[in-house]
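Please look over the sequence and the model below before reading on. The briefing is arranged by topic, so that each part can be checked against the picture.

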Amino acid sequence: MSQENVEMIRRVYEALARDDWDALFSDAHPDFQMTTQRGPNAGTHRGRDAVQGFTEDYMAVFENSTVEPDRFVERGDQVVALVTRRAQAKGGGPEIVVHNGHLWTIRAGKVASMESYPDPNEALEAAGLSE
């Protein structure tokens, strides 16, 4: 099993943690698309401007927000990242902790898409895997 795709996706999360958008999109296809099922403006966003704008708007309501990959599972040209998101709403309140699954697709050495699933098992199933 090649680890190249996993390492590429690991770099995406590292860049996100640093708010380094140039590094985050360095391995992305120009038509990269992200599909989300939750949050304001949930749906499919295509291209760097749309994806970055959606992500920044989503994160703007939180402080101390992190997305940490707990595990990667590779299957062909897809990588499932099982992640833990931690955040606190601006102005206080309890810490929010959720577990999601992100299904990444790589084509011709570039990150082509990411689909976010509220349930990590749904991301595994979408990749033809199961726990």
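The structure is a predicted model, and the values given here were computed from it. A search of the whole structure finds seven aromatic pairs, and six salt bridges are present as well. The largest pocket has a volume of about 590 Å³, while the second largest pocket holds about 260 Å³ of space.

**The largest pocket**

- The largest pocket, with its volume of about 590 Å³, is lined by 32 residues, and those closest to its centre are Tyr 58, Arg 85, His 102, Met 114 and Ser 116.
- When the lining residues of the largest pocket are sorted by class, 23 are nonpolar, six are polar and three are charged.

**The second largest pocket**

- The second largest pocket has 13 lining residues, and the ones that lie nearest its centre are Leu 16, Ala 17, Asp 19, Met 59 and Ser 65.
- Helices H1 and H3 and strand S3 each supply at least two residues of this second lining, and S3 gives the most, with five residues.
- The classes in the lining of the second largest pocket are seven nonpolar, three polar and three charged residues.

**Aromatic rings**

- Among the seven aromatic pairs is the one formed by Tyr 13 and Trp 104, which is edge-to-face, with 5.8 Å from centre to centre and 80° between the planes.
- This pair links distant parts of the chain, for Tyr 13 belongs to helix H1 and Trp 104 to strand S5, 91 residues apart.
- Tyr 13 has a relative accessible area of 5% and is therefore buried, and Trp 104, with a relative accessible area of 6%, is buried too.
- Phe 54 and Tyr 58 form another aromatic pair, which is stacked, with 6.1 Å from centre to centre and 25° between the planes.
- Phe 54 and Tyr 58 are separated by about one helical turn, because they are four residues apart in helix H3.
- Phe 54 counts as buried at 9% relative accessibility, whereas Tyr 58 is partly exposed, with a relative accessible area of 22%.
- Ring pairs also join Tyr 13, Trp 21, Phe 25, Phe 32, Phe 72 and Trp 104 into a cluster.

**Salt bridges**

- One of the six salt bridges is formed by Arg 10 and Glu 7, whose closest N and O atoms are 3.4 Å apart.
- Both of these residues lie in helix H1 (residues 4–17), where Arg 10 and Glu 7 are three residues apart, about one turn of the helix.
- Arg 10 is partly exposed, with a relative accessible area of 30%, and Glu 7 is likewise partly exposed, with a relative accessible area of 31%.
- In another salt bridge, the side chains of Asp 77 and Arg 107 meet at 2.8 Å, N to O.
- That pair links distant parts of the chain, 30 residues apart, as Asp 77 is in the loop between strand S3 (62–75) and strand S4 (78–89), and Arg 107 is in strand S5 (residues 96–107).
- Asp 77 counts as partly exposed, because its relative accessibility is 33%.
- Arg 86 and Glu 95 form a further salt bridge, in which the closest N and O atoms are 3.9 Å apart.
- Arg 86 counts as partly exposed at 31% relative accessibility, while Glu 95 is exposed, with a relative accessible area of 51%, just where the cut-off for exposed, over 50%, applies.

**A closer look at Val 97**

- Val 97 is found in strand S5, and at 38% relative accessibility this residue counts as partly exposed.
- Leaving aside residues up to four places away in sequence, Val 97 touches Thr 84, Arg 85 and Arg 86.
- Val 97 and Arg 75 are 22 residues apart along the chain, and their C-alpha atoms are separated by 27 Å.

Note on methods: Residues are numbered from 1 along each chain as its sequence is written. This is a predicted model: local features need pLDDT of at least 70, side-chain atom pairs count only at pLDDT 80 or more; totals for chains, interfaces and linings use all residues. Side-chain values use heavy atoms; hydrogens and water are left out. A salt bridge is a side-chain nitrogen of Lys or Arg within 4 Å of a carboxyl oxygen of Asp or Glu. Buried means under 20% relative accessible area, exposed over 50%, partly exposed in between (1.4 Å probe, protein chains only). On a 1 Å grid over the protein atoms alone, a cavity is a set of points where a 1.4 Å probe fits but cannot get out, and a pocket is an open set with protein on both sides within 12 Å along at least five of seven lines; lining residues have an atom within 4 Å of a point. Grid points are joined across faces, edges and corners, and a volume is the space filled by probe spheres set on the points. Ala, Val, Leu, Ile, Met, Phe, Trp, Tyr, Cys and Pro count as nonpolar, Asp, Glu, Lys and Arg as charged, and the others, Gly among them, as polar. Contact means heavy atoms within 4.5 Å. Rings of Phe, Tyr and Trp (its six-membered ring) pair if their centres lie within 6.5 Å; planes under 30 degrees apart count as stacked, over 60 as edge-to-face and the rest as tilted.
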